[in-house]
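Thanks for coming. I will take a few minutes on the salt bridges in this one. Please look at the sequence and the structure first.

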Amino acid sequence: TRFPIASSEDLARTYGIASEPVTDLEENLEYMLFQDGAARAEHVVNKPPCRLDLLRLRNVLCLYSGGLVTEDGFLTDIVTTGVHGPNIVRDAGSATIAPGSFSPNDSLEIIETPCLYMDAAYRAAYGHVLVDALPRLWALPHIPEKRFGLFTTAGFKRGYVDELLAGVSKTTPIIRAQSSALCRTLYVPVQPHMLGWYVCSQARAAWRRIEESFHNAGSKNTPRKVYFSRRRFAERRRMVDEERVETLFRDRGFTVLYPEKEPLARQVAVIRGADVLAGHFGS
């Protein structure tokens, strides 16, 4: 099935209910993006959009594998927001949607509560939710309904995501669908952070609010040099001979921490207080 194409500008005009300007200061932010095991570094100059738009969509099919289909027929990718707006693809076959992720015979969960869309590219991974989804909370003040939720099809089940969300909004419930779901009213904000492309002031403000909410709870006696080890993280992706690596860092004055053994408030305090942080490259 083919879907009509609309530009990001047309979508914002048709479905947009609010927008926020991006400050000029953010245009001067530059950083290095390391790829291929840090063997190659790319110099990135921050190029944010001029504004962030919030779209209000009706009767949206939220696929469990990621992606959105609306009654008007356009399909967005798993991240929902591209470089400067919603990322529109030409047909279902070219989207990042697993084959067979939805069929007309599937039972659908109907979500009547208005929701802010919070799925990320890897919805069950704490890091991707932190980087990809939480910055969209800039849109919270622009949602007109007094009662609404944060919608996800799979994420927010691992790690500390509920605690992170509570740091920004302690009264907004998380609405989790167990399969593909039909949201009667879905708010989709343009993402204020895209790794390798840009970071907007709105993204940093969302992270800062979360950071501040935990700061006082664990800020005493934090080390200045920290190595984050995965050695006691038994689930997966353990590093070979990491005990020897820990010794190398200890001999150089580092404190070795196992993040999964520390409360979230303590982790935030350690990161805030450290001069040097060391850890694994990658997920």
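**Salt bridges and their exposure**

Arg224 comes out as partly exposed, at 46% relative accessibility. The classes are these: buried is under 20% relative accessible area, exposed is over 50%, and partly exposed is in between, with a 1.4 Å probe and protein chains only.

Some ground rules. This is a predicted model, where local features need pLDDT of at least 70 and side-chain atom pairs count only at pLDDT 80 or more, while totals for chains, interfaces and linings use all residues. Numbering runs from 1 along each chain as its sequence is written, and side-chain values use heavy atoms, with hydrogens and water left out.

Arg224 makes a salt bridge with Asp275, the closest N and O atoms being 3.0 Å apart. By salt bridge I mean a side-chain nitrogen of Lys or Arg within 4 Å of a carboxyl oxygen of Asp or Glu. Asp275 is exposed, at 58%.

How many salt bridges does the structure hold? There are 8.

Next, Arg250 pairs with Glu246, with closest N and O atoms 3.6 Å apart. The two are 4 residues apart in helix H5 (residues 242-250), and so about one helical turn separates them. Helices are DSSP runs of H or I, at least four residues, and strands are runs of E, at least two, numbered from the N terminus. Is Glu246 buried or exposed? Glu246 is buried, at 0%, whereas Arg250 is partly exposed, at 43%.

Arg244 and Asp241 also meet in a salt bridge, 3.7 Å from N to O. Arg244 is exposed at 61%; Asp241 is partly exposed at 45%.

Last, Glu211, Glu212 and Arg272 are linked in a salt-bridge network.
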